[in-house]
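I opened the model to look up a few contacts and write down what I found. The entries follow in the order in which I made them.

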Amino acid sequence: MSRRPFVRPVSKTGWYFQHPRYLRYMSREISCFFIGAFALLMVLTLERLGHGPAAYEAFLGALEGPWMAFFLFLIFIFAVHNASSWFNVTPKALPVQMGEEFLAGKYIVLAHYLVWALTTLGVLIFAGVI
Amino acid sequence: MKERLVQIEILRYNPEQDTEPYFQLYEVLCKEEWVVLDALNAIKETADPTLSYRWSCHMAVCGSCGMMINGEPKLSCHAFLRSYEGVIRVEPLVNFPIERDLVTVADDFLKKLKRVKPYLIPKESEKIEKGPFPQTPAQLMKYRQFSMCINCMLCYAACPQYALQPKFLGPAAITLAHRYNQDSRDGGRAQRQEEIASDEGVWECSFVGACSEVCPKAVDPAAALQQVKVASTLDWFKEHLLPQGEKT
């Protein structure tokens with residue numbers, strides 16, 4: 001009897017279509033590009049601000065329009081998706097043991113959302129929006 | 001007792017005859033409460049004695065009968081036929097070479113398991129006369145969940161990182177290393193870190209989480225791996241930022 005194990009080929013690019021859970025994972029990973037794009041936009045905005053109020057206003061003017069509004073909306077959706085998908089798995093990485101029991105994961109997730117909401121509120125107050 | 005005719009499509013491979021695997025369709029009369037493993041046993045007994053597959057306990061304890069059932073890694077003794085409609089497709093666990101039919105080559109996993117030293121390495125040698133080494137329930141709870149692993153390898157079949165980077169130690173091996181690292185009686189963490197914090201270790205994991213979704217014993221390997229990442233990161237900070245430069 002001879003051993004001749006058969007190795008099945010692995011798709012390097014199409015594996016994430018093999019199961020919905022892999023697509024969910026990829027959607028979380030892809031959301032980073034949108035967050036990266038927003039960070040880049042912020043850096044560019046700061047760079048323009050460095051050139052004076054006129055350059056800054058001109059840059060903001062160039063950003064107006066339906067395409068940019070759509071792009072920012074997409075960024076917002078992906079940013080929420082990225083944050084919530086990470087918040088939801090935090091109890092796995094940071095379990096809180098209290099004696100013989102573990103704190104229910106939902107409280108750890110909730111604490112993250114609470115800090116997120118308070119931080120957003122703080123930023124909005126600091127920016128004079130509210 | 002209700003019976004129904006079940007169609008099962010099985011990936012067959014005979015290394016002595018076949019150049020590649022192929023699907024073979026079987027029809028077998030099954031009882032309502034049967035699991036996929038019962039159907040395979042019925043096929044082997046009544047239709048095709050050449051069909052090869054591993055199994056032992058028939059109660060989700062031994063971890064031998066893992067296979068892909070309709071594309072999902074499952075223990076075939078834990079997959080009830082009544083949960084499936086139409087033709088049931090059964091394949092050997094993906095990400096492992098096929099030895100024959102539904103039997104996979106587990107050598108890679110076993111070597112990796114050995115590398116992480118999945119056993120107690122006492123902090124200091126204790127004399128047997130000293131009696132048992134007691135643990136509080138809280139100390140037990142710290143690792144109990146991770147000690148439920150039955151080495152069934154379903155998590156490896158679900159892990160796309162293991163598929164793409166076969167050098168990756170993988171979910172179960174790192175989870176078992178974490179299980180012993182979390183044990184108050186153990187002192188072998190530094191030895192295990194050499195393996196699990198290496199470039200073939202936990203940093204290959206990108207937290208897909210599929211391992212935990214398919215685990216039949218609710219071990220949650222994804223949780224163990226993220227905890228190892230947190231602990232390894234703290235090690236790095238301690239080593240590089242503390243004056244002593246020491247790992248704990």
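In which hand, left-handed or right-handed, does H1(A) pass H3(A) in their crossing? I found that H1(A) passes H3(A) in a left-handed crossing. A crossing is left-handed if the near helix is turned anticlockwise from the far one by less than a right angle, and right-handed if clockwise.

Before going on I noted the ground rules. This is a predicted model, in which local features need pLDDT of at least 70, side-chain atom pairs count only at pLDDT 80 or more, and totals for chains, interfaces and linings use all residues. Residues are numbered from 1 along each chain as its sequence is written, and chains are lettered from A and ligands numbered from 1 in the order in which they are written.

**Helix pair in chain A**

I looked up the geometry of helix H1 (residues 20–49) and helix H3 (residues 66–93) of chain A: their axes come within 8 Å and cross at roughly 130 degrees. Axes are lines fitted to C-alpha atoms, for helices over the stretch in contact, and angles run from 0 to 180 degrees between N-to-C directions. H1(A) and H3(A) are therefore oblique to each other (under 35 degrees is roughly parallel, over 145 roughly antiparallel, 65 to 115 roughly perpendicular, the rest oblique). Helices (H or I, at least four residues) and strands (E, at least two) are DSSP runs, numbered from the N terminus.

On the H1(A) side, I listed contact residues including Ser27(A), Arg28(A), Phe34(A) and Phe38(A). On the H3(A) side, they include Leu74(A), Phe78(A), His81(A) and Ser85(A). Two residues are in contact if their C-beta atoms, placed from the backbone, lie within 7 Å. I sorted the residues of this contact into 9 nonpolar, 5 polar and 1 charged. Here Ala, Val, Leu, Ile, Met, Phe, Trp, Tyr, Cys and Pro count as nonpolar, Asp, Glu, Lys and Arg as charged, and the others, Gly among them, as polar.

**Chain B against chain A**

I noted that the predictor gives the complex an ipTM of 0.88 and a pTM of 0.92. The contact takes 28 residues from chain B and 19 residues from chain A. On the chain B side, H9(B) gives the most, with 5 residues. That side divides into 19 nonpolar, 3 polar and 6 charged residues.

**Domains of chain B**

The domain assignment, which is automatic or from a database, gives domain 1 (3–104) and domain 2 (107–241). I read 30 Å between their C-alpha centres. In chain B, 13 residues of domain 1 are in contact with 12 residues of domain 2.
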